[in-house]
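I opened the model to look up how its parts are laid out and how they touch, and I set down below what I found.

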Amino acid sequence: MENNIGTTEPAVENENASHKSESSGARKARYGMVIDVDSCTGCGACMVGCAIENNVPPAARGADERTGITPIRVYKADNGRPFPESNSVYFPISCQQCEHHTPCVSVCPQNAVEVDPQTGIVGQIPVRCLGCRYCMTACPYHARYFNWWDPTWPAGMEKTLNPDVSPRMRGVVEKCNFCFHRLQAAREKAAAAGKTEIDPGDYIPACAESCPTSAITFGDLLDEESAVAKLAKSKNSFRLLESLGTQPKVYYHSEREWVRKLAESGIAEGEFGNG
Amino acid sequence: MGGKIVTAQLTTSAGRPESVPPRGKIFFLAGLVVVLSFGWIVFPFLIYKKVEQPIQFSHIAHTGDNVGMKCEDCHNYDSSGRFLGIPKIRKCAECHTKPMGVSAEDRKLAEDYVRPGREINWVVYSRQPENVYFPHAVHVKEAGLKCQTCHFGQSTSSNLRPAMISRLSGYSLDIFGQNLFNAPYTPSRGMRMDDCSDCHKKSGVAESCVDCHK
Amino acid sequence: MGSGINRRDWLKLIGGSAVGLMLSPIPWKVLDESAKWTQNWNWTPVPPKGRVNYRLTTCTLCPQACGVRVRCVENQPVGLSGIPGHPLNNGKLCAIGLGGHLMSYHPSRIAGPVTIDAKTRVPAPIPLEDAISRISGHVLAASGVAVLDMQPGRSISYIYKEFLAGLKHGTYTFPNQTDGINAGPVNRTTTSRFKSYGIDIDRTRTIISFRTPLLDGWGTLAQSAEIGRRNKKGSKAPTKVYQVESVSSRSAGLADEWIPVRPGTEAIFALGLAHVILEENLFDRTIKGGSENLWGERSLSELAGKYPLSRVSTITGVPDDKIAVLARELANNRPTAVIFGGDPVGGPFGDAEEIIFADLNILLGAIGPNGTIVPRPDLPSPGDHRQPRVDGIQLSEVPDHSIEVLLIDGADSGTTIPWQLVSRKLVPVNPRIVSLSYLPAGVACHADYVIPSPAYMEMYSDMPTPAGFSRASYNVSVPLMEPPASAIEPLEFLKRLAISTGSPNKASICSITMRELIRNRIAKIFELHEGEVFDADAGETKSIGSMASSRELVRILERGGCWTGNARSRVAGLTYKFLGNSDYQHVFSAMEKLADISGSASDIRLLPHGTRGAGSSGVNHPMMSKIYQESNLRLPSDVASISPSTGKMNGLSDGKPVRVKTDFGQTILKARFDQSIMDGVVQVQVGEETGTTARRESLQGSNTLDICRIESDSTWKTTSVQLSPL
Amino acid sequence: MDRNLISRKLDRAPLPRFVAWLVPWTLLLLIGLYAIYLCLAKGLNQTNMNNRFAFGLWIFLDLSVIALGAGAFFTGFLLYILKKHELRAVINSAVVLGLICYSGAVLVLMVDVGQPLRAWFTFWHPNVHSMLTEVTFCITCYLTVLAIEYVPIVLRNRRLKEVPSFLVFEFELHKVMPVFAGIGTFLSFFHQGSLGGLYGVLQGRPFAFREGIAIWPSTFFLFIISAAAAGPSFILLTTWLVSKISRKSLVKDEVIRLLARISGSILVFYVMLKCIDTLLWMNATAPSFGLTAMSFFAWKPFSIWILLGEIVAFGFLPALILFFGSRRLGKGWLVFSSILVCCGILLNRFVMTIQTLALPTLPFDKFTLYTPSWQEVAAFLFVVAYGVILYSLSFRYFNLFPHEPDLRNGKNQNGELVIQK
């Protein structure tokens with residue numbers, strides 16, 4: 001399966017978007033990011049920054065790593081060798097914004113998920129969602145999270161919610177949407193200034209903004225000049241589970257060969273509980 | 001088996017002479033009519049509550065010739081192009097520190113709100129659900145829509161009609177999409193999801209949910 | 001039955017109504033409305049709307065003093081981000097800093113002054129007046145009063161000193177400086193006499209770090225990120241990083257090379273390096289001249305002579321050829337810097353060890369005319385008359401059992417210290433401990449009185465230069481939120497205390513507010529007429545010289561600005577004392593002791609450690625649950641990581657509870673098998689405790705550090721433990 | 001009252017015994033009801049499902065009962081369309097079973113989704129690409145069909161029969177029954193298939209993904225056929241069970257054997273297809289993802305045995321017994337192997353649901369398992385209890401087995417189902 005997203009026109013081969021009209025004035029974009037896993041220290045700033053920006057509540061009593069909500073989650077992976085050869089790497093995983101056969105879109109029974117033809121961002125509409133969780137079983141990246149609890153904040157903390165994001169209610173699925181509201185804000189700013197194009201500097205997701213080592217490069221993959229497009233084409237950039245042919249728009253980058261091998265290896269093999 | 005049917009019919013017709021059909025029909029119709037009329041006439045008024053505005057504000061008094069204000073004079077944007085909606089009391093205070101006219105409302109404004117610096121909690125007819133994103137800047141400045149396109153005569157209205165708020169969902173009647181039996185009202189159109197999507201389809205912009213839903 | 005309504009008529013009626021119902025809007029409308037209701041549940045909070053604006057300040061949640069850009073809705077902070085271009089954090093924040101504004105809403109926040117029952121540790125509210133009068137009573141009766149300042153060098157620190165100066169036996173103390181490079185060892189091994197030193201990252205080509213979280217947020221965020229950038233393959237100015245530690249930390253994972261040494265043998269390893277450097281004459285030529293105890297009797301070379309590579313290798317568990325190779329690497333890729341300590345939990349090294357590290361620095365020319373370790377001037381005090389009358393001493397230097405009343409400042413030091421370290425300084429019979437903090441966390445958990453202070457973003461405060469930074473710097477943190485009525489500023493508390501204890505300095509203390517205090521200090525900085533200031537509003541840097549008055553400096557600093565002093569020229573013409581001022585025997589024996597400690601390969605060693613941004617208190621903002629509770633990214637403090645073989649050897653199983661027992665107590669932790677961990681080592685990450693999003697009912701302040709052995713030199717690098725399954 | 005509700009031609013246990021029989025089931029029903037209340041009121045945190053196991057016991061249950069309920073449509077299909085008149089003996093029972101299974105499934109689904117009050121969005125804003133949409137539509141429609149098919153059975157109750165218009169209505173309904181059977185068959189084909197498609201289309205789950213024909217992955221067809229095979233077996237099984245419990249002979253021997261034969265022959269066909277499909281998946285589909293099929297079975301406790309078990313022990317074995325033995329072998333064998341068939345179906349649905357989710361997809365991901373919470377189990381048992389109760393009532397007050405009276409009067413000596421103790 002070819003992985004030519006970002007370099008050629010992807011929307012053509014995107015059956016989820018192709019039936020939509022192409023008539024909008026603004027230039028078509030394909031937003032994506034390249035995460036340099038060699039720079040990731042696994043500090044978790046992206047996870048916290050994301051949660052605060054997107055009004056994700058802190059853990060409900062009894063929530064754990066399998067029922068919590070972390071639209072971007074940093075996984076630790078290691079080379080499987082014992083001490084002292086052991087070595088590890090951190091993979092921050094948000095919605096991978098699949099461009100092709102987007103697994104979660106076709107399965108949703110009531111069109112609560114779709115690929116935005118303008119930006120290539122996979123949108124999730126919680127108020128349309130009925131919480132059947134079919135999309136979660138469809139997503140190979142475990143990037144979708146279910147609201148098992150009513151969202152609750154410690155007393156007074158709801159004052160700190162971000163007005164640009166509506167909190168989700170219990171019983172619906174949510175996920176990363178590249179902080180779409182920030183793109184909206186950028187558009188609004190541009191419109192107010194009488195411009196049709198947004199200033200790329202105005203649109204950067206919370207995770208990329210908060211990464212202390214600037215491991216996350218974000219931008220428009222269709223813009224040949226953008227740093228992200230260049231980096232995505234580097235020979236040491238790769239995507240997770242490429243063999244599934246979902247063509248994610250989140251790339252990873254590493255100079256270390258074992259890391260790239262690890263990502264290629266597809267499904268992990270081994271015994272119960274390892275990996 | 002067939003035989004049984006016949007006997008059965010015989011017994012019944014013998015048991016109760018032809019009074020049966022009309023009588024039955026009457027009862028059936030009675031039920032039908034009662035419930036229908038309740039459902040179409042009474043019920044809609046039951047699920048909406050009328051909410052009066054705290055102050056009878058007259059747009060025309062401000063936008064009319066004698067004052068001649070523009071919409072933007074009160075409903076403006078901040079530096080980053082964010083629409084600020086209904087102005088805070090400090091805006092009214094610019095003129096209404098003391099009653100300007102003789103009307104009771106005028107006095108109420110000056111005395112109950114401006115002087116103590118209390119905000120007026122208006123009931124916004126077009127208050128959208130929390131999950132709706134509507135950028136005024138994009139619609140007004142980029143697309144060049146007139147305020148009236150969505151807000152109709154609001155700018156020339158002389159009084160504020162009570163808002164119709166659903167007891168169940170808490171949403172204003174004005175923003176209902178074209179939904180199941182939205183009867184018997186035809187509220188001022190222009191702020192329903194379908195109105196938005198119609199216009200968007202016509203002008204061919206913003207084709208996806210995330211454009212308007214956050 | 002003929003007349004009247006019979007059952008069948010009823011059926012007909014119901015049938016008719018049923019049909020009518022279906023044709024009426026009722027069922028459909030209700031269906032629709034109920035769906036809308038689920039989208040608009042009144043128990044799902046609605047974010048406040050309003051005018052959005054940005055305000056600027058400085059983070060005070062650890063000494064790194066990051067510049068913070070605060071997004072506000074109607075002046076209520078809703079989101080934080082770093083200030084781009086800021087000299088200390090260059091637009092970045094750590095996981096904790098990003099949620100700083102949530103601290104005020106922590107469910108466990110202390111609502112008002114409390115006394116804590118010694119046994120149950122359950123807090124009981126007490127009126128402020130009573131608290132003050134009681135405390136002043138204790139102070140007046142006490143023959144030893146001390147303030148433990150968790151973040152020395154702030155303006156308030158001077159007021160603490162001033163208050164203590166008014167008492168008969170006042171002691172101002174602070175946790176041992178452990179961070180990377182500190183003045184003590186440098187000044188003890190050289191004739192240099194600066195109060196603090198930093199590292200000139202830009203010049204450094206090789207860094208060898210002894211248990212410093214170098215790539216993990218050490219020093220300042222900008223610095224750490226910079227090292228990381230240089231450390232990566234294919235960077236323009238590559239900096240090689242060698243990480244020497246027994247813990248498989250994140251820095252160890254990211255460094256060019258991780259040299260895992262047996263627990264507690266870092267200094268021996270350094271000695272091995274020194275050995276090679278001396279033997280092969282690789283040391284810096286500039287030290288040829290004035291230097292004591294380098295050669296001959298009672299010298300470093302003699303000491304090194306006792307540790308031939310073979311021996312070092314057996315002690316540290318690192319192959320000797322590897323040591324030799326590394327030594328040559330370090331010597332040949334100069335400028336090199338040796339930095340040590342700074343693990344937020346692992347504690348300091350002993351002075352003997354520090355001397356060895358300093359020696360290594362000298363041998364590699366790091367301290368000297370073209371060195372990487374540069375002196376840093378001190379910040380001026382907030383006013384001449386506030387010049388310290390009591391000198392501060394490190395906590396370790398405070399005589400044992402000398403403190404009757406201890407005031408603990410609640411500032412977040414970014415490091416965790418074992419309670420024993422404090423408690424051994426206290427008188428054995430009911431000492432009084434007062435904590436000025438807004439969370440029942442860290443050492444505050446051991447207090448008898450807690451006076452709730454305003455949280456971060458609720459009061460004026462200033463931030464002195466963070467450790468490791470090569471120049472002097474000064475930042476100010478301004479209040480952006482109303483503190484709760486119950487909160488009382490440390491300064492306010494001191495004023496009340498000064499009055500009720502009739503302190504001779506009460507006039508001076510009461511004469512000033514935090515804001516004035518800080519402004520005075522800014523004025524003093526302005527008078528230095530040196531350095532430059534980063535204007536966060538304009539995003540540009542101005543030289544102090546270009547400014548008309550200190551008022552402008554005040555304006556800039558009170559809006560997230562950052563003043564930085566001039567870079568100091570490197571110290572030249574120094575005389576080196578390779579065994580320090582202290583009697584050389586002390587160094588020799590200390591090394592022997594280390595060699596013995598690690599001697600028995602069989603025993604299992606407990607290694608407490610922390611990650612930067614894990615907070616010192618063990619209670620962080622609720623959103624940290626994303627890292628600790630809702631993912632496995634970081635280990636909470638109740639997990640013991642062990643190598644599978646060690647685990648199996650002790651009959652443990654992965655994920656099951658384990659009893660960790662030392663001579664000083666025991667604790668039950670969750671065993672976690674991790675093959676990246678050295679055999680015979682138990683790694684415990686002290687920091688966030690699980691479930692801190694929930695409210696804490698009692699103030700139990702226990703963590704694994706409580707069962708660690710505190711050595712005579714106030715270190716607790718490693719402790720021998722027994723493991724057993726439950 | 002109770003007496004006059006029971007057909008004269010049938011003798012039923014005295015009321016007290018019947019009530020005694022209902023009591024435990026009612027208790028179960030109530031516990032389940034409480035569990036369901038908890039889930040609806042407090043949300044799905046009451047379950048042990050999680051983000052990795054977004055589907056759990058309940059979806060497994062839905063798939064299973066709907067497969068077993070297939071007997072209703074398939075018998076209807078054979079009877080009304082293919083005119084297999086012998087099956088009239090079990091059609092009523094089949095319809096009741098179908099109704100129970102489907103209504104039960106829908107009921108559990110309503111608890112399973114996070115926002116039941118919005119479930120109707122699927123009809124209002126359907127996504128035609130989604131298999132789940134297909135399932136939702138078909139199941140709802142088919143449930144209505146079943147309800148309609150159930151009506152005549154109810155109307156033939158002794159008391160209701162006395163209302164002439166009912167009798168007429170029932171008579172009319174009977175004439176159009178083939179139409180409904182047709183519709184039912186059509187609908188069932190689709191949702192049985194779509195349930196298979198549910199997993200077959202999962203591009204992101206190489207273990208479940210299958211190539212297919214047009215828009216339908218192979219699992220689509222496999223599910224239809226397996227359901228068709230299991231349906232008759234389930235009817236056979238239940239008929240046997242009911243006659244055991246009620247100590248009555250209910251249907252003629254031939255019917256049983258016929259059901260066995262039908263089930264057997266379809267099963268043979270199914271197992272063959274299943275083998276071909278598995279081979280295709282192992283040698284074409286999985287490799288196309290750069291994976292070896294075996295890697296999926298490397299994970300304990302699910303090893304290759306689960307696959308072999310499904311195909312051989314629960315596939316070929318019963319298939320052969322039923323196919324060749326339906327005429328000769330004793331009923332014990334038939335019952336035994338129809339048990340195998342039903343278990344086989346359950347296993348297959350289990351593998352598709354649970355194993356698919358348990359397997360890791362990311363390289364650094366873990367294999368995970370999940371144990372249902374008591375609320376989930378209780379809700380599950382609620383459906384079982386509900387089924388038993390509804391069936392018991394129907395069996396008592398309606399004539400589910402038309403031949404039962406004749407068999408009772410011993411009219412035809414040979415061929416009645418004699419239960420040898």
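Predicted model: local features only at pLDDT ≥ 70, side-chain atom pairs only at ≥ 80, totals over all residues.

**Domains of chain C**

I began with chain C, which is divided into domain 1 (1-46), domain 2 (52-102), domain 3 (183-377 + 573-577) and domain 4 (600-725), the bounds coming from an automatic or database domain assignment. Residues are numbered from 1 along each chain as its sequence is written, while chains are lettered from A and ligands numbered from 1 in the order in which they are written.

I then looked up where domain 2 of chain C meets domain 4 of chain C: 6 residues of domain 2 are in contact with 8 residues of domain 4, contact being counted when the C-beta atoms of two residues, placed from the backbone, lie within 7 Å. On the domain 2 side I found 4 nonpolar, 2 polar and no charged residues, where Ala, Val, Leu, Ile, Met, Phe, Trp, Tyr, Cys and Pro count as nonpolar, Asp, Glu, Lys and Arg as charged, and the others, Gly among them, as polar.

**Sheets of chain C**

I traced an open sheet of 4 strands in chain C, ordered β11-β10-β9-β13 with parallel pairing; strands (E, at least two residues) and helices (H or I, at least four residues) are DSSP runs numbered from the N terminus, and two strands pair if DSSP finds at least two bridges between them. Its edge strands are β11 (257-259) and β13 (336-340) of chain C, each of which pairs on one side only, and the twist from one strand to the next averages 15°. Strand β9 (residues 206-210) of chain C runs parallel to β13(C) and is joined to it by 5 bridges, with C:Phe210 opposite C:Phe340 in β13(C).

I also followed a closed barrel of 6 strands in chain C, running β25-β29-β26-β28-β27-β30 with mixed pairing, in which neighbouring strands are turned by 45° against each other on average, direction ignored. Strands β26 (residues 639-642) and β29 (residues 681-685) of chain C run antiparallel and are joined by 3 bridges, and C:Ala640 has C:Val684 in β29(C) as its bridge partner.

**Helix pairs of chain D**

How do helices α12 and α13 of chain D cross? I find that the axes of α12 (residues 304-325) and α13 (residues 331-358) of chain D come within 9 Å and cross at roughly 150°, axes being lines fitted to C-alpha atoms, for helices over the stretch in contact, and angles running from 0 to 180 degrees between N-to-C directions. α12(D) and α13(D) are therefore roughly antiparallel to each other, since angles under 35 degrees count as roughly parallel, over 145 as roughly antiparallel, 65 to 115 as roughly perpendicular and the rest as oblique. The residues of their contact divide into 13 nonpolar, 6 polar and 1 charged.

I compared this with helices α8 (residues 164-200) and α9 (residues 218-246) of chain D, which pack at an angle of about 135° with their axes 7 Å apart, and α8(D) and α9(D) are therefore oblique to each other.

**Chain A against chain D**

Last, I noted that 53 residues of chain A are in contact with 45 residues of chain D, and that α4(A) gives the most to the chain A side, with 4 residues.
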